[in-house]
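The sequence and structure are shown first, and the points follow by topic.

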Amino acid sequence: MTPTPFDQLLAAARQEREPQRLLFVFVSAELPDDATDAERQRFEENAGGSLKPVLCVDKLPEELSDFAALREESERTGVAWDLLFAAALPGQGGITPNADDAEQPLKMMVGAIETGNIGRFLAFDRNGQTVDFY
């Protein structure tokens with residue numbers, strides 16, 4: 001099986017000099033109630049809408065074997081999602097960030113996504129392929 005771009009992210013995180021904790025925010029794409037006809041058309045073409053964070057989690061790269069494992073774990077929550085945003089929280093001095101260290105950066109990530117400030121995160125579809133925004 002060919003590695004996905006997400007799997008390549010995992011491999012890169014494992015090779016970093018400082019230990020990494022990965023931050024993930026799962027979002028659903030929604031169409032606002034006051035959407036115009038043009039916005040509705042774009043949404044139907046999977047090219048528009050609003051992004052709503054619905055689930056977030058932090059993981060060590062070693063806790064995931066591949067994208068399929070993360071997707072399967074997310075499906076067990078019963079929360080529907082369309083895209084996944086990812087970022088890395090590096091350790092310092094060889095010390096791995098713990099879950100408490102990730103709490104505030106995850107909150108900031110959720111806030112950034114809610115305001116449309118997504119340029120500094122990697123985005124993946126449900127197959128682990130990267131998504132570009134224009």
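Which residues does Thr-4 touch, not counting residues up to four places away in sequence? Thr-4 touches Phe-67, Asn-127, Gly-128 and Gln-129, where contact means heavy atoms within 4.5 Å. The model is a predicted one, in which local features need pLDDT of at least 70 and side-chain atom pairs count only at pLDDT 80 or more, while totals for chains, interfaces and linings use all residues. Residues are numbered from 1 along each chain as its sequence is written, and side-chain values use heavy atoms, with hydrogens and water left out.

**Overall fold**

- The secondary structure of the protein chain comprises four helices and four strands; helices (H or I, at least four residues) and strands (E, at least two) are DSSP runs, numbered from the N terminus.
- Along the sequence, these elements follow the pattern α-β-α-β-α-β-α-β.
- The radius of gyration of the protein chain is 16 Å, close to the 14 Å that the globule rule gives for 134 residues, so the chain is as compact as a globular protein of that length. This radius is taken over C-alpha atoms, and the globule rule is 2.2 Å times the number of residues to the power 0.38.
- Taken along the principal axes, the C-alpha atoms of the protein chain fill a box of roughly 55 × 35 × 30 Å.
- Of the 134 residues of the protein chain, 33% count as buried; buried means under 20% relative accessible area, exposed over 50%, and partly exposed in between (1.4 Å probe, protein chains only).
- Among contacts between residues at least 6 apart in sequence, 77% join residues at least 24 apart.

- Thr-4 is placed in the segment before α1 (5–15) and is buried, with a relative accessible area of 12%. The C-alpha atoms of Thr-4 and Asp-37 are separated by 35 Å, and the two residues are 33 residues apart along the chain.
- Ser-28 belongs to strand β1 and counts as buried at 12% relative accessibility. Not counting residues up to four places away in sequence, Ser-28 touches Ser-50, Leu-51, Lys-52, Val-54, Ala-80 and Asp-82.
- Pro-61 is located in the loop between β2 and α3 and counts as buried at 1% relative accessibility. Its contacts, not counting residues up to four places away in sequence, are Leu-10, Ala-13, Arg-14, Gln-20 and Leu-22.
- Pro-61 and Ala-29 are 32 residues apart in sequence and 27 Å apart in space, C-alpha to C-alpha.

**Salt bridges**

- The count comes to six salt bridges, a salt bridge being a side-chain nitrogen of Lys or Arg within 4 Å of a carboxyl oxygen of Asp or Glu.
- One of them joins Lys-52 to Glu-30, with the closest N and O atoms 3.9 Å apart. This pair links distant parts of the chain, with Lys-52 in strand β2 and Glu-30 in strand β1 (residues 20–30), 22 residues apart. Lys-52 counts as partly exposed at 42% relative accessibility, and Glu-30 is partly exposed as well, with a relative accessible area of 34%.
- Lys-59 forms a salt bridge with Glu-73, the closest N and O atoms being 2.8 Å apart. Here too distant parts of the chain are linked: Lys-59 is in strand β2 and Glu-73 in helix α3 (residues 67–75), 14 residues apart. Lys-59 is buried, with a relative accessible area of 12%, whereas Glu-73 counts as partly exposed at 26%.
- The side chains of Glu-72 and Arg-76 also meet in a salt bridge (3.3 Å, N to O). Glu-72 is partly exposed, with a relative accessible area of 48%, while Arg-76 counts as exposed at 60%.

**Largest pocket**

- The largest pocket has a volume of about 500 Å³. On a 1 Å grid over the protein atoms alone, a pocket is an open set of points where a 1.4 Å probe fits, with protein on both sides within 12 Å along at least five of seven lines. Grid points are joined across faces, edges and corners, and a volume is the space filled by probe spheres set on the points.
- The lining of the largest pocket consists of 16 residues, of which Asn-46, Ala-47, Gly-48, Leu-83 and Phe-133 lie nearest its centre; lining residues have an atom within 4 Å of a point. The elements that give two or more residues to this lining are α2 (37–44) and β2 (50–59).
- The lining residues divide into eight nonpolar, four polar and four charged. Ala, Val, Leu, Ile, Met, Phe, Trp, Tyr, Cys and Pro count as nonpolar, Asp, Glu, Lys and Arg as charged, and the others, Gly among them, as polar.
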